[in-house]
Amino acid sequence: MDKKKEHWEDVYEKKTDHQVSWYQDVPETSLRLINELQLSLESSIIDIGGGNSNFTIELQKIGYKNLSVLDISGLALMRTKKKMGDASKAVHWMESDVLDLIELNQYDVIHDRATFHFLTHEDDIKKYVDVVSDAMIKGGHLVISTFSLTGPEKCSNLQVSQYSSSTLSLLFKENFVLTRSFNEIHTSPYNTTQDFVFCVFTRL
Ligand SMILES: C[S@@+](CC[C@H](N)C(=O)[O-])C[C@H]1O[C@@H](n2cnc3c(N)ncnc32)[C@H](O)[C@@H]1O
């Protein structure tokens, strides 16, 4: 098993939802941003590094029908499927490194909260930008949130990259235009805080 995958399987084997800093009972900001996009319920939405997030569960409750979750950890996906119960059969689950995703013009929305920032090598960051650009339908939306410049330097014992809306815009500028951004403080289940930046980009 590769080291990255081994790390994340170990996290989800040992820790419950309330023992991981990123957990949110309801991912309200992401859901608000999706709502603001005024999408059809048929829109194709993927959560990259969805992990143990309730994002897709909440989207399904709203009525979205074309949902995918990708994560490097099979245990994380299993946990989320279990929380979803029978309804999980209607979701497309992908156990994969995001950098191995090869899809063209598939998604109206790509959502990523707290996954992209684990890429710290320039080549991997470039690859992610290419993968997301290819997988997105033109006119589609990238809803991405990472640690901000005042956010943590490490998470889950791994080094992370920190961003501002300007540095994210620079990375995605070839194929995306920034339509919305703001910073937000996340409070973990055990009451520590983490500074995030949220950006919404539209695919050109
Ligand atoms: C900090 S958690 C965030 C989980 C979720 N997005 C949320 O907001 O609650 C990061 C997630 O990204 C996944 N992950 C990390 N690196 C990845 C990669 N290269 N490809 C796919 N998933 C990855 C991890 O397994 C983990 O579930």
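For what follows, Ala, Val, Leu, Ile, Met, Phe, Trp, Tyr, Cys and Pro count as nonpolar, Asp, Glu, Lys and Arg as charged, and the others, Gly among them, as polar. Keep in mind as well that this is a predicted model.

How many cavities of 30 Å³ or more does the structure hold? The count is one. The largest cavity contains about 30 Å³ of space. Its lining is made up of Gln24, Arg113, Glu184, Ile185, His186, Phe196 and Phe198. Sorted by class, that lining comes to three nonpolar, two polar and two charged residues. Strand 8, residues 176-187, and strand 9, residues 193-203, each contribute at least two of the lining residues. Strand 8 has the largest share, with three residues.

Now the open space. The largest pocket holds about 760 Å³. It has 39 lining residues, and those nearest its centre are Trp8, Ile72, Thr115, Phe118 and Leu158. Several elements give two or more residues to this lining: helix 1 (3-14), strand 1 (44-48), strand 2 (66-71), strand 4 (107-113), helix 5 (122-135) and strand 7 (158-159). Which element gives the most to the lining of the largest pocket? That is helix 1, with five residues. In terms of class, the pocket lining consists of 17 nonpolar, 15 polar and seven charged residues.

Helix 1 also brings us to the helix packing. Two packed helices are described by the angle between their axes and the distance between the axes.

The axes of helix 1 and helix 4 come within 7 Å, and they cross at roughly 40 degrees. On the helix 1 side the contact residues are Lys5, Glu9, Tyr12 and Glu13, and on the helix 4 side they are Gly74, Leu75, Ala76 and Arg79. By class, this contact has three nonpolar, one polar and four charged residues.

Next, helix 4 with helix 3. From helix 3, Thr56, Ile57 and Gln60 take part, and they meet Thr80, Lys83 and Met84 of helix 4. The residues in this contact are two nonpolar, three polar and one charged.

The last pair is helix 3 with helix 2. Helix 2 covers residues 28-36 and helix 3 covers residues 55-62; their axes come within 10 Å, crossing at roughly 40 degrees. Is helix 2 oblique or parallel to helix 3? The angle makes helix 2 oblique to helix 3. The crossing of helix 2 and helix 3 is right-handed. Here Ser30, Leu31 and Ile34 of helix 2 touch Phe55, Glu58, Leu59 and Ile62 of helix 3. That contact contains five nonpolar residues, one polar and one charged.

To go back over the main points: the largest cavity is lined by seven named residues, including Arg113 and Glu184, and strand 8 supplies three of its lining residues. Helix 1 gives five residues to the lining of the largest pocket and also meets helix 4, for example through Lys5 and Glu9.

Note on methods:
Residues are numbered from 1 along each chain as its sequence is written. This is a predicted model: local features need pLDDT of at least 70, side-chain atom pairs count only at pLDDT 80 or more; totals for chains, interfaces and linings use all residues. Side-chain values use heavy atoms; hydrogens and water are left out. Axes are lines fitted to C-alpha atoms, for helices over the stretch in contact, and angles run from 0 to 180 degrees between N-to-C directions. Helices (H or I, at least four residues) and strands (E, at least two) are DSSP runs, numbered from the N terminus. Angles under 35 degrees count as roughly parallel, over 145 as roughly antiparallel, 65 to 115 as roughly perpendicular and the rest as oblique. A crossing is left-handed if the near helix is turned anticlockwise from the far one by less than a right angle, and right-handed if clockwise. Contact means heavy atoms within 4.5 Å. On a 1 Å grid over the protein atoms alone, a cavity is a set of points where a 1.4 Å probe fits but cannot get out, and a pocket is an open set with protein on both sides within 12 Å along at least five of seven lines; lining residues have an atom within 4 Å of a point. Grid points are joined across faces, edges and corners, and a volume is the space filled by probe spheres set on the points.
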